[in-house]
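Please walk me through this structure.

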Amino acid sequence: GPFKSTCLSTIIMTVAFLLIGFSSNELDGFVVGCLLIGIGGTLTLLTAFPSSFILDPKHIPHIMTGVNCLFDASSVIFLLLYKIYQAGVSRRNLFIGFACVNFVLQSACAFAWCGKPLARLRATQEAEIEAQSDANGSANSEMGVEASKQ
């Protein structure tokens with residue numbers, strides 16, 4: 001579910017930022033770090049989508065649009081980090097700080113799924129599954145009636 005996925009994303013992204021921060025001539029973690037950022041970022045995006053289903057259905061398009069816009073805007077963060085690096089902050093300190101901020105924010109997102117939001121999401125999913133099975137059941141019974149008429 002979203003809680004476990006967000007926890008996994010938190011770990012992956014934090015490790016990725018630390019790898020980039022601690023990379024040196026002896027430890028080349030840039031490739032692995034960037035790969036983990038891609039995996040963790042995608043997981044972060046995918047775990048944000050269910051949040052739109054815990055509110056009133058009329059808000060779903062707005063929430064989905066907001067999630068996508070924020071995900072697109074996240075690419076600007078690295079430009080901001082580069083500007084801070086140019087101001088004199090070392091890459092190591094920059095990415096260690098970024099890993100800490102990431103850990104705190106993503107942990108908050110993960111624990112936000114505990115309790116009512118997760119219960120509401122599960123109830124919504126169960127209602128959708130029940131509606132689907134009712135629709136399939138009525139379609140199958142109509143097909144049975146038509147077959148018996150022939």
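**A tryptophan and its neighbours**

Tryptophan 113 is in contact with Pro2, Phe3, Thr6, Thr47, Pro50, Ser51, Ile54, Leu118 and Leu121, leaving aside its neighbours within four places in sequence. Contact here means heavy atoms within 4.5 Å. This is a predicted model, in which local features need pLDDT of at least 70 and side-chain atom pairs count only at pLDDT 80 or more, while totals for chains, interfaces and linings use all residues. Residues are numbered from 1 along each chain as its sequence is written, and side-chain values use heavy atoms, with hydrogens and water left out.

Tryptophan 113 sits in the loop between helix 5 and helix 6 (116–149). Helices are DSSP runs (H or I, at least four residues), numbered from the N terminus. Tryptophan 113 counts as buried because its relative accessibility is 7%. Buried means under 20% relative accessible area, exposed means over 50%, and partly exposed lies in between (1.4 Å probe, protein chains only). Phenylalanine 3 is 110 residues away from tryptophan 113 in sequence, yet their C-alpha atoms are 5.7 Å apart in space.

Proline 50 is one of the residues that tryptophan 113 contacts. Proline 50 belongs to the loop between helix 2 and helix 3 (60–73). Not counting residues up to four places away in sequence, proline 50 touches Pro2, Trp113 and Leu121. Between proline 50 and glycine 1 there are 9.3 Å, C-alpha to C-alpha, and the two are 49 residues apart in sequence.

Now turn to the helices. Helix 1 has 21 residues, which should span 30 Å at 1.5 Å a residue; its end C-alpha atoms are 30 Å apart, so the two agree. The expected span is 1.5 Å times one less than the number of residues. Which residues of helix 1 are buried? They are Pro2, Thr6, Ser9, Thr10, Ile12, Met13, Thr14, Ala16, Phe17, Ile20 and Gly21.

Helix 2 holds glycine 40. Glycine 40 is buried, because its relative accessible area is 0%. Its contacts, leaving aside neighbours within four places in sequence, are Ser9, Ile12 and Met13. Those three residues are among the buried ones of helix 1. Alanine 16 is 24 residues from glycine 40 in sequence and 8.5 Å from it in space, C-alpha to C-alpha.

Helix 5 (residues 91–112) has 22 residues. It reaches 31 Å from its first C-alpha to its last, close to the 32 Å expected at 1.5 Å a residue. Its buried residues are Leu94, Phe95, Phe98, Ala99, Asn102, Gln106, Ser107 and Ala110. What covers them? The cover includes helix 1 (2–22), helix 2 (30–48) and helix 4 (77–86).

Helix 4 also contains isoleucine 84. Isoleucine 84 is partly exposed, because its relative accessible area is 33%. Together with Ile77, Phe78, Leu80 and Val89, Ile84 forms a nonpolar patch on the surface, with about 370 Å² of accessible area together.

How many disulfides does the structure hold? The count is zero. A disulfide is a pair of cysteine sulfur atoms within 2.5 Å. For cysteine 7, the closest cysteine sulfur is in cysteine 114, 7.7 Å away, so the pair is too far apart for a bond. Cysteine 34 is in no disulfide either; the nearest cysteine sulfur, that of cysteine 100, is 19 Å away. Cysteine 7 is partly exposed, with a relative accessible area of 27%. Cysteine 34 counts as partly exposed at 48% relative accessibility.

Notes:
Helix = DSSP H or I, 4+ residues; strand = E, 2+ residues; numbered from the N terminus. Patch = residues over 30% accessible without salt bridge, like charges linked within 9 Å, V, L, I, M, F, W, Y side chains within 5 Å. Areas by Shrake-Rupley, 256 points an atom, 1.4 Å probe, with all protein chains shown as cover. Salt bridge = Lys/Arg side-chain N within 4 Å of Asp/Glu carboxyl O.
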